[in-house]
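Try each one yourself before reading its solution.

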Amino acid sequence: MIQIGRFKLGFAALSVIVVFIALSVFAIVAAFHQASPESPMPLSYIIMTNEGMALLATLVYGIFVHFALAIIDRLRK
């Protein structure tokens, strides 16, 4: 558990933050690679679409980690 000021972050919260930051960086880089003058979508819409997918993937990852840690805690008891 890591403590930053008065906030305590466990493994799940810290890993979700890291996954979200990494996916956001990849989403922005991918948007710049997808953008072209011939594309009908503006760069801002491509970035928002990719960030939405990054948020969805982070949500799924967070749910998976939550259930995995709950199962591990239940098996330990």
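**Exercise 1.** Find which residues glutamate 51 is in contact with, leaving aside its neighbours within four places in sequence.

*Solution.* Keep in mind that you are looking at a predicted model. Start by locating glutamate 51, which sits in helix 2, spanning residues 43-76. Then set aside the neighbours within four places in sequence, and the contacts of glutamate 51 are Phe20, Ser24, Ala27 and Ile28.

**Exercise 2.** Decide whether glutamate 51 is buried or exposed, and look for the nearest side chain of opposite charge.

*Solution.* Glutamate 51 turns out to be buried.

**Exercise 3.** Work out how helix 1 and helix 2 are arranged.

*Solution.* Helix 1 covers residues 11-34, and its axis lies 8 Å from that of helix 2. The two pack at an angle of about 155°. Angles over 145 degrees count as roughly antiparallel, so helix 1 is roughly antiparallel to helix 2. Finally, the crossing of these two helices is right-handed.

**Exercise 4.** Describe the surroundings of leucine 23.

*Solution.* First place leucine 23 in helix 1. With a relative accessible area of 26%, leucine 23 is partly exposed, because that value falls between the 20% and 50% limits. Beyond its neighbours within four places in sequence, leucine 23 is in contact with Ala54, Ala57 and Thr58. For one more distance, take methionine 48, 25 residues away along the chain: its C-alpha atom and that of leucine 23 are separated by 13 Å.

Definitions and conventions: Residues are numbered from 1 along each chain as its sequence is written. This is a predicted model: local features need pLDDT of at least 70, side-chain atom pairs count only at pLDDT 80 or more; totals for chains, interfaces and linings use all residues. Side-chain values use heavy atoms; hydrogens and water are left out. Helices (H or I, at least four residues) and strands (E, at least two) are DSSP runs, numbered from the N terminus. Buried means under 20% relative accessible area, exposed over 50%, partly exposed in between (1.4 Å probe, protein chains only). Lys and Arg count as positive and Asp and Glu as negative; His and the chain ends are not counted. A salt bridge is a side-chain nitrogen of Lys or Arg within 4 Å of a carboxyl oxygen of Asp or Glu. Contact means heavy atoms within 4.5 Å. Axes are lines fitted to C-alpha atoms, for helices over the stretch in contact, and angles run from 0 to 180 degrees between N-to-C directions. Angles under 35 degrees count as roughly parallel, over 145 as roughly antiparallel, 65 to 115 as roughly perpendicular and the rest as oblique. A crossing is left-handed if the near helix is turned anticlockwise from the far one by less than a right angle, and right-handed if clockwise.
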